[in-house]
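Here is a short briefing on selected local features. The sequence and structure come first, then the notes.

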Amino acid sequence: MSLLPELRYPTVTEIVSSARALAAHRPGLCALRQVGVSRGGRPLHLLSMGHAPRGVLVVAGAHANEPTGGSTVLAVAEQVMHDRELRADTSWHFLLCADPDGASLHVTPAPRTLLDYHLGFFRPAGPEQPEWSPSVLPPDRLPPETRALIRVIDEVRPYLQVSLHGTDLGGSWVQLTKDVPGLAEPFAKSAAELHIPVETAASDAAGWPASGPGVHVMPAPGLDPAYPSMPDDARHSTWYHAHRYGGLTAVVEVPMWASDLVDDPTPHPAPAAAMRRLARRLLRDTLQVEAVLTEALPRLRGPDGPLLRAAKWALELVPGLADDWVRTPPPDTTMAYVGSVDAFGRRLPLRAAAMLLRVLRETGDREAPHLERLVAAWSGAFADRFRARWVPLDHQVEHQARTVIAAARHARDASA
């Protein structure tokens, strides 16, 4: 049976419907149940498969703008259902969407261009993201999605948690909270077979040790982060909650559009100067978005909605981040790293502008056409600079699913 919609990313409703069909097909093996409710009243569903005490937990939809994971959980679930070896001594658990409210607001199920993607863009502010909120909020203020995820981790006690993430444009990489010996080889092989570049120096993992190209191991708690101004720290996220039970988390990133510029390990001729230039551009672009926001804000009545909160939060990150890039020596001096930072610096103001544009369109604000031209120009420049090429959805899913299975096998062997 095929559970994957063709040519587009499935909605949360479609993912749950497919999981329900799978559970009905093998009721002795599979169970689908509700494990929580979002702030907006949407159910959070967990698909469980197998009865072994040792478990793997796969989390999809933690970031609304990273839709590949919804298809991947269905692909992995199908593979586990048909492969006895995968469930011989392992139970599998799939959180189908960690943020259904966010998924309802990100509305680009079949983007043709980066502009299409950004015209429907949504990514919540950090305190509203299920995995990240523990790094910026006290325990008594965690959103219900985060509390539900933590309860699932406490119940499953996974030896491996896999969080399915993605990037709009770039390459594929893996972030590990502990090393998984042997994972780098199948990860690299899969990426090569599917023509997906490996992001060898992702800015998300700046300064982290690598166990292989594109496979980054998070530094121990207490060490200074590469970007001191960033308010969230992965070492305080739900990724580390699995450590309470001797487990670890693998974060698997896959691109929607690929760029070979993030897979270039050659030394950059002037990395510090490049970082200063990127910081200046980041500040300049952000000022353009802030000018629109300042002009339109008096006309935006009522409390801030999630789009406006997220846009403001993204803009607030910029001054400190730009300062980090200038004052902190580059933790990596390769072309790949500078390229990854270049992409990050384009994303932040572009995403803020895109979400603000949606707010202004909804209210018919006179600043909307100006902002729309800005979003279109920046999206086009982003694609052109990185020579973006679409990664077919089935390749995105296949690579992510292969990496999940490889991580489960190698982590199991390491913990045996």
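Arg387 counts as exposed, at 59% relative accessibility. The model is predicted.

**Backbone at two arginines**
- Arg387 is not a glycine, yet its phi is positive, at about 50 degrees.
- Arg387 sits in the loop between α10 and β10 (389-390).
- Arg157, also not a glycine, has a positive phi near 50 degrees.
- The loop between α5 (144-156) and β5 (160-170) holds Arg157.
- Arg157 is exposed, with a relative accessible area of 52%.

**Helix pair α9 and α10**
- α9 (residues 335-363) packs on α10 (residues 368-385) at an angle of about 150 degrees, and the axes are 9 Å apart.
- The angle is over 145 degrees, so α9 is roughly antiparallel to α10.
- The crossing of α9 past α10 is left-handed.
- On the α9 side, contact residues include Leu350, Leu357 and Arg361.
- On the α10 side, they include Leu371, Trp378 and Phe382.
- The contact of α9 with α10 comprises 14 nonpolar residues, one polar and six charged.

**Strand β3**
- β3 (residues 55-59) is mostly covered, with five of its five residues buried.
- Gly55, Leu57 and Val59 point one way from β3, while Val56 and Val58 point the other way.
- Side chains in a regular strand alternate between the two faces of the sheet.
- β3 runs parallel to β4 (residues 91-95), and five bridges join the two strands.
- Val58 has Phe94 as its bridge partner in β4.

How values were computed:
Residues are numbered from 1 along each chain as its sequence is written. This is a predicted model: local features need pLDDT of at least 70, side-chain atom pairs count only at pLDDT 80 or more; totals for chains, interfaces and linings use all residues. Side-chain values use heavy atoms; hydrogens and water are left out. Axes are lines fitted to C-alpha atoms, for helices over the stretch in contact, and angles run from 0 to 180 degrees between N-to-C directions. Helices (H or I, at least four residues) and strands (E, at least two) are DSSP runs, numbered from the N terminus. Angles under 35 degrees count as roughly parallel, over 145 as roughly antiparallel, 65 to 115 as roughly perpendicular and the rest as oblique. A crossing is left-handed if the near helix is turned anticlockwise from the far one by less than a right angle, and right-handed if clockwise. Contact means heavy atoms within 4.5 Å. Ala, Val, Leu, Ile, Met, Phe, Trp, Tyr, Cys and Pro count as nonpolar, Asp, Glu, Lys and Arg as charged, and the others, Gly among them, as polar. Buried means under 20% relative accessible area, exposed over 50%, partly exposed in between (1.4 Å probe, protein chains only). Two strands pair if DSSP finds at least two bridges between them.
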